[in-house]
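These entries record what I looked up on strand order and helix packing.

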Amino acid sequence: MKRLILTTSIGCMFALTLAAGQQTTSQKVGASAIWQPPQDFVTKAHNVCDKAAGPASFPACFMNQIAAAGAPAAAVAFTRLLYQQTNGDVGIMVAFKHYGPVDAAQIFYPLRANDNYGVLLVNGNPAILDVDDLQKLDRSAMERDSMFQAVKQKYPKIEIFTGDRSGSSPWPRVQPRPGGGMQFTVTYPLLEGCHACRNLGVARFVWEFDASGKFLGTRFIPTPPPPKLLPHPGRSQPPSPPPPSS
């Protein structure tokens, strides 16, 4: 009962913070929300929820299993907050990196078929931003870039995809922002139309925040593609072999 009350209290504090558009230091997401699920957690949770819950109630059942498996109250509260803020993503914070005023969290998404790991930028304004929310990228700047256009001319199906955020070092590159604030540089794969298709290079975008942690938008960084993907109009062709002698 004490755990339930504490979890509800933390969740309410996060929700009120988001509604107000502001956060105080005591209400920020932190390392206390980290939980490393046991290796058999997903299987056991599925066994319970596959029998006890229908499709509509399955995520709620799964989140209850996180609490039942011994996750800290702050971890359970964060998972519930994330579910509310992302319209249905069940995620568990497995690592945290403090930068200030905006921090980063690595998330494990146990119910996804692909891309089971992600990185969120947290504690800014808004309080949660997914670096793989491709709708927030300045893709028009990428489309105008001459190097991207050269590759697209050769590979018309080229498309940007979400990145691999698994492993022990998924963090973006973080630098001070000129004029104040901070910027996170995130890399995304450019693929030929699908997740399993040919890799055509990478795209880099900067997520920019002012000194208070307010999100200002993204900025495309032109990145040269692998040389083998670009046409070489100036390269001379090797001479044709002589015809066989009669």
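Entry 1. I note that the model is predicted.

Entry 2. I applied this convention to α3 and α4 and found their crossing to be right-handed. The axes of α3 (residues 58–68) and α4 come within 9 Å and cross at roughly 165°. Angles over 145 degrees count as roughly antiparallel, so α3 is roughly antiparallel to α4.

Entry 3. I then listed the residues that make this contact. From α3 I recorded Pro59, Met63, Asn64, Ile66 and Ala67, and from α4 Val76, Thr79, Arg80 and Tyr83. Sorted by class, the contact of α3 with α4 comprises six nonpolar, two polar and one charged residues.

Entry 4. I turned to the sheet. In what order do the four strands lie? I read an open sheet, β1-β2-β3-β4, with antiparallel pairing. The edges are β1 (92–97) and β4 (128–130); each has a single partner strand, so one side of each lacks a neighbour in the sheet. I noted an average twist of 30° from one strand to the next.

Entry 5. I looked up the pairing of β2 (residues 103–108) with β3 (residues 117–122): six bridges join these antiparallel strands. Within β3, valine 119 is the residue opposite glutamine 106.

Entry 6. Lastly, I checked which helix packs on the sheet and found α4 (residues 73–85), which touches β1, β2, β3 and β4. The direction of α4 makes about 70° with that of β4.

Methods: Residues numbered from 1 in each chain as written. Predicted model: local features only at pLDDT ≥ 70, side-chain atom pairs only at ≥ 80, totals over all residues. Heavy atoms only, no water. Pairing = 2+ DSSP bridges. Helix = DSSP H or I, 4+ residues; strand = E, 2+ residues; numbered from the N terminus. Axes fitted to C-alpha atoms, helices over the stretch in contact; angles between N-to-C directions. Contact = heavy atoms within 4.5 Å. Parallel < 35°, antiparallel > 145°, perpendicular 65-115°, else oblique. Left-handed = near helix turned anticlockwise from the far one by under 90°. Nonpolar A, V, L, I, M, F, W, Y, C, P; charged D, E, K, R; others polar.
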